[in-house]
There are 2 protein chains.
Amino acid sequence: MQTLWDNRYAQRTRRMKSSAIRELLKLTEQPDVISFAGGLPAPEVFPYEEFREACNVVLKTHGPVALQYGTTEGYLPLRQMIARHTRRFGIEVTEENIMITSGSQKALDLLGKIFINEGDQVLVESPTYLGAMQAWNIYGAEYVTVPSDENGLVTDELEAALRAGVKFIYVLPNFQNPTGVTIPLERRLRLVELADRYGVPIIEDDPYGQLRFEGSHIPSIVVLDEKLHPQNDGCYTGNVIYLSTFSKTLAPGIRLAWVIAPPEVIRKLVVAKQGTDLNTAVFNQIVAYEVAHGGFLNKHIEHICSVYHERRDVMLDALEEHMPAGVKWTHPNGGLFLWTTLPDGMNTVELFKEAVEQKVAYVPGASFHPCGGGENTMRLNFSYASPEMINEGISRLARVIRRRMK
Amino acid sequence: MQTLWDNRYAQRTRRMKSSAIRELLKLTEQPDVISFAGGLPAPEVFPYEEFREACNVVLKTHGPVALQYGTTEGYLPLRQMIARHTRRFGIEVTEENIMITSGSQKALDLLGKIFINEGDQVLVESPTYLGAMQAWNIYGAEYVTVPSDENGLVTDELEAALRAGVKFIYVLPNFQNPTGVTIPLERRLRLVELADRYGVPIIEDDPYGQLRFEGSHIPSIVVLDEKLHPQNDGCYTGNVIYLSTFSKTLAPGIRLAWVIAPPEVIRKLVVAKQGTDLNTAVFNQIVAYEVAHGGFLNKHIEHICSVYHERRDVMLDALEEHMPAGVKWTHPNGGLFLWTTLPDGMNTVELFKEAVEQKVAYVPGASFHPCGGGENTMRLNFSYASPEMINEGISRLARVIRRRMK
């Protein structure tokens, strides 16, 4: 039935599909389903007591600032703390390089808003983060994909894609969502060099980089890029826009993330952000600052890593134990996800209903492929369910897959 | 100097001006300036102790939900509380009619996103809220204005504007930002009737409606509209999208507002919102619910009204005492602002620098006029400064004006 609203929506709204995946995922909300579908941190690692103390301190000593409107850029001491933290990784940034956003999704939206014209090509890894496509489709983005393997983005195929003429490159170099794989140093260097040669900016999305529980830290794209570009008073002025977040290290329920970019890009983002939400909740920013500063965050991240490390091991062991031959999976050194590939010809969307009937859920991999493919893949989250549930869930999932393979 | 970013921005970013007003307002941040420029609530009325208690309760008893990701629609008990509260004003709404946003500015952005095609005409009062234009300019909105007088929108001039073909009507019927005036019942009825006849939706922005300190409550546009439209199981399905917020009744620092709209519009807004911020901070939503429910909010609003009532009276008295003949101002019955008109030929942008030198600030009225005009007007905020500062500030401002009038 045509309603009186139907003809009023903007053209861009017609590009906005209520994603099939969203409908599927509603099925996973039954309490007895073991869900590997979400990207949720373990609630067991949230620092409740530290938040409680911080709220008390903030409301007693910073109340009038915390409950008032704030600047669009974000709370200065928090931006300065992020700048200090970032400089430890070998990149010169000041608070002029930093804007706070209400989660990284908000930063993705603002980047789409200021950069994407209808029909612009965005270069992404295939598969890539679903939420970035959700943010950018509405602005009319189209996608050029470069495949990824167990070492992430296949940089040998990058140059051909760059020649297609793209607006920017979007990558998640650490423990990628959805595959869990990490781009090694050589490929990062190659990526930075090619982007520079073709004059194409890079958006580096790094929500999980701090959650490494195996192997050594690899320098960020933004750090490598800085070596190629001259300094300007300790202020980063390069070719990369870097995103990170407190959602995976403190808690997603406070919706706090940040963008690092050249000051001229930050200024555009600030004007765009002002029109969309005036400012990010000051209360949340001061509370996060109170919780995070003084060394707590680093210790807390170690704790999170030990919990996720165990859960990843349990999931890898369970996959090894239960999965039939022909099923493959990635071995992430950190983060929240791993990626499972079933034999060719299987379809994880078709399998989904049966899986949920057997009380286990995942995200079908096709949804992460902007240009098709991945029908036989799935994303599994190992951060949320307890070790016991992980083992039981993988056993159920293996049963469903085995039944289909017959 | 052309930088490597300049050619990369989207077309829409070129419409995004760093507003002159924003630059001016930076001048008002000196601590010894008495500023009537911002739209800030009085920090003296923030319920610090109630927030502190609520944070403690929420983190002790709802921690795992409060710190986790949540639904895009918003925290269900909060939406149900808002529905109950709204039904008291005589409109049938359910939680299906309600979406929580990170401040009303976020709702304005999402409405622009789903409704405005480049070149679409939006019908606004002149003057109107600056932030709505900031949200919508980037989507390519253009404006048809209808003048307002001491009774707000002049509905006699509405029909001609509606014949121009507009996407929607945007009004702030209560204690309007910037003028402080309120649209009386007869004009509201006329507005609803004309909008219905021309099939044009209304966006009713009502951040201040609860802050009435004189006169009687006037039914909202959405309530009047409902009488024209058939009911559907207690769910609102009419022609109006209604916005309100906790920013002026609890605190802006938690960034919480809501949209009331027909469920089909809410569903579009939810998909759009998901791409921009996934969800509004669950922690803030549960804390606000804890603070507001059980009758506290109503009592607290009475307290806020008594404080703002006094400040408005002090400002009106000070204007009466200090302003030279030929200066006029509105007499708002609530809200945060009043509107001052200087004699023809004076220019409040030109006056601004001198005012700041004399340590007093306001917002020049021209910024609220999408199609020009208002050069001799200014917006004065009476909620933020203390009564003593209001009197002193108006005396300084009168001196500056008098000097120019000579």
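1. How many residues does helix H4 of chain B have, and how far does helix H4 reach from its first C-alpha to its last? In this predicted model, the helix runs over residues 76-87 of chain B and has 12 residues, and its reach of 16 Å from the first C-alpha to the last is close to the 16 Å expected at 1.5 Å a residue.

2. The buried residues of H4(B) are Leu78(B), Arg79(B), Ile82(B), Ala83(B) and Thr86(B). Because they cover an arc of only 140 degrees around the axis, they are placed on the same side of H4(B). Among the elements that cover these buried residues are strand S2 (98-101), strand S9 (257-260) and helix H11 (282-292), which belong to chain B.

3. Turning to chain A, the chain is divided into domain 1, made of 11-47 + 298-405, and domain 2, made of 70-294. The C-alpha centres of these two domains of chain A lie 25 Å apart, and the contact takes 31 residues from domain 1 of chain A together with 33 residues from domain 2 of chain A.

4. On the side of domain 1 of chain A that touches domain 2 of chain A, helix H12 (296-322) and strand S11 (337-341) of chain A each supply at least two residues, and the largest share of that side, six residues, comes from H12(A). As for composition, the residues of this side of domain 1 of chain A divide into 16 nonpolar, 12 polar and three charged.

Key. Residues numbered from 1 in each chain as written. Chains lettered and ligands numbered in written order. Predicted model: local features only at pLDDT ≥ 70, side-chain atom pairs only at ≥ 80, totals over all residues. Domains from an automatic or database assignment. Contact = placed C-beta atoms within 7 Å. Helix = DSSP H or I, 4+ residues; strand = E, 2+ residues; numbered from the N terminus. Nonpolar A, V, L, I, M, F, W, Y, C, P; charged D, E, K, R; others polar. Expected span 1.5 Å × (residues − 1). Buried ≥ 20, exposed ≤ 12 C-beta atoms within 10 Å, placed from the backbone. Arc of directions from axis to C-beta.
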